[in-house]
Amino acid sequence: MDRNDPGQDADLRRLSGAARVADRDLAADPELRALLDDLRDGVMATARPRRLAFRLPMPRRLVPALAAVLTMALILGGGLALRQPRTDHGTPATSSTAPSTAPAPRPKPTGGRNSFGTGLYGASHAGKLGPHEAADASEWLLLGHPETPGYLDYIQGSLELPPGASWTPLRHRLLLPGKRMQASFLHLNFFRYAACRWGDTWSRARKNGDTAAVDRAERFFRGHATHRFSGPDGRGGRFQVTYPIIREPVDRDRILQFYVPNCGEDWRLVGAVR
Amino acid sequence: MSPDLLAHRFEHAYRAHSAAVLGYLVRRTEPPEDAADLMAEVFTVAWRRVADMPPGDEARLWLYGVARNVLSNHRRSRIRRHRLADRLREHLSRSPRVHHDDARHDGTDHVRAALATLPERDREVIALTAWEGMTAAEIAVVLDLDPGTVRSRLSRARARLRAALADQDRIPC
């Protein structure tokens, strides 16, 4: 209750007093203290800190107001851009499957226009193009450009693979000189590939009764159930799209619903290659 | 920031606030031993995001914010068992200190019952003030709200709690 409020109800005071006693008892329990220490050691041994996330130097509640100002600036800036030759492609693309409790990966630091970008964007109404092809409004990127591997390094840097898994098979599949793929689908392919490798781990661990590995894999799926992409839309604004990877709430059946038809020998790139 | 410094910061915050965070989780889970898995999740998230953890006492409010998110995710889906939490879960399951039945003995069972009838956001501000002893300004940080909004929400929640308690008095035994 508000410590400065003189009109506290007796009932709430009793509730507060009982909580203080319970907290004191918990803190004074030596066995519990030892278990908490073990838990801390376990947590620090099994997870690792992420890189420092970008933090806004303001309370989050001010973000909508700032976003409105920025949107207005982008609209006005877009009007100016129509009358000026384009020199860059806006801020770089980012993607995330992070839940609210996790920081989004940092944008790739670039000095302006990405040399592997084509300046061509999909139509905002684009959707499914064929059985395994889809398109959206993001930029088409040159897969064979010498700087593209650096961009792929950046995308995969935001994702963790299970021990023993490698990005090499995916990187080989993306070695398509002269071909183009849209930025959103390039990101999505990395996220889906990582989900398949965690699916392999999950499936193997379940068979072997390795509950720690099952937990680790399920943690990945819960943190990456949805893939959010944000990048320039070619008109001075931002294009954002969300692709579901695994339906939530994530459980055994839903992992299987993703894993069985999408991974293994049937695994293929998503998005169109042109 | 060096890895050693990050580890030091995490260990310091854990030592200072882990019991309080456990109390926060125990009071909001049924059965209370489920708090062990949530505790493992809260501090796994906190360790991963330790670079974002603010220094000093703000770390306490930041941890409550993480705990609130974890609890909210837990309520939306089934609980995820943490192997790391096995022993803590077992300890909590046999600890008389954490069981909500204690409310019968400490005379707060009727307040808890009235609290349970309130909308979630009213219950949250009342619980943070009464159980966690937070001021309106501290709650504003945890809930990411304006302090004025918290104060008005708190005032409304108290009125509703008083009404719920009065309703209990009208129910014939």
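Modeller: Start with chain B. Of its 173 residues, 42% count as buried. This is a predicted model, where local features need pLDDT of at least 70, side-chain atom pairs count only at pLDDT 80 or more, and totals for chains, interfaces and linings use all residues. Residues are numbered from 1 along each chain as its sequence is written, and chains are lettered from A and ligands numbered from 1 in the order in which they are written.

Biologist: What makes a residue buried or exposed?

Modeller: A count of C-beta atoms, placed from the backbone. With 20 or more others within 10 Å of its own, a residue is buried; with 12 or fewer it is exposed; in between it is partly exposed. In chain A, 30% of the 274 residues count as buried.

Biologist: How many helices and strands does chain B have?

Modeller: Chain B has 9 helices and 0 strands. Its pattern along the sequence is α-α-α-α-α-α-α-α-α. Chain A has 8 helices and 8 strands. Both kinds are DSSP runs, numbered from the N terminus: helices are H or I with at least four residues, strands are E with at least two.

Biologist: What share of the contacts in chain B join residues at least 24 apart?

Modeller: Among contacts in chain B between residues at least 6 apart in sequence, the share is 70%. A contact means C-beta atoms, placed from the backbone, within 7 Å. For chain A, residues 24 or more positions apart account for 66% of the contacts with a separation of 6 or more.

Biologist: Why is helix 2 of chain B called oblique to helix 3 of chain B?

Modeller: They pack at an angle of about 130°, with axes 9 Å apart. Angles under 35 degrees are roughly parallel, over 145 roughly antiparallel, 65 to 115 roughly perpendicular, and the rest oblique. That makes helix 2 of chain B oblique to helix 3 of chain B. The axes are lines fitted to C-alpha atoms, for helices over the stretch in contact, and angles run from 0 to 180 degrees between N-to-C directions.

Biologist: Which residues of these helices make the contact?

Modeller: Helix 2 of chain B contributes L38(B), E41(B), V42(B), V45(B) and A46(B). From helix 3 of chain B come L63(B), V66(B), A67(B), V70(B), L71(B) and H74(B). By class, the contact has 9 nonpolar, 1 polar and 1 charged. Nonpolar covers Ala, Val, Leu, Ile, Met, Phe, Trp, Tyr, Cys and Pro; charged covers Asp, Glu, Lys and Arg; the others, Gly among them, are polar.

Biologist: Why are helix 6 and helix 8 of chain A called roughly perpendicular?

Modeller: Their angle is about 110°, and their axes are 10 Å apart. Helix 6 of chain A and helix 8 of chain A are therefore roughly perpendicular. Among the residues in contact are W202(A) of helix 6 and F258(A) of helix 8.

Biologist: What makes a nonpolar core?

Modeller: Buried Ala, Val, Leu, Ile, Met, Phe, Trp, Tyr and Cys residues, joined through C-beta atoms within 7 Å. The largest has 60 residues, and L39(A), M39(B) and V42(B) have the most contacts inside it. Helix 2 of chain B gives it the most, 10 residues. A second, separate core of 29 residues includes I155(A) and V214(A).

Biologist: How many residues does each chain give to the contact between them?

Modeller: Chain A gives 45 residues and chain B gives 52. On the side of chain A, the largest share comes from helix 1 of chain A, with 12 residues. That side has 21 nonpolar, 6 polar and 18 charged residues.

Notes
Contact = placed C-beta atoms within 7 Å.
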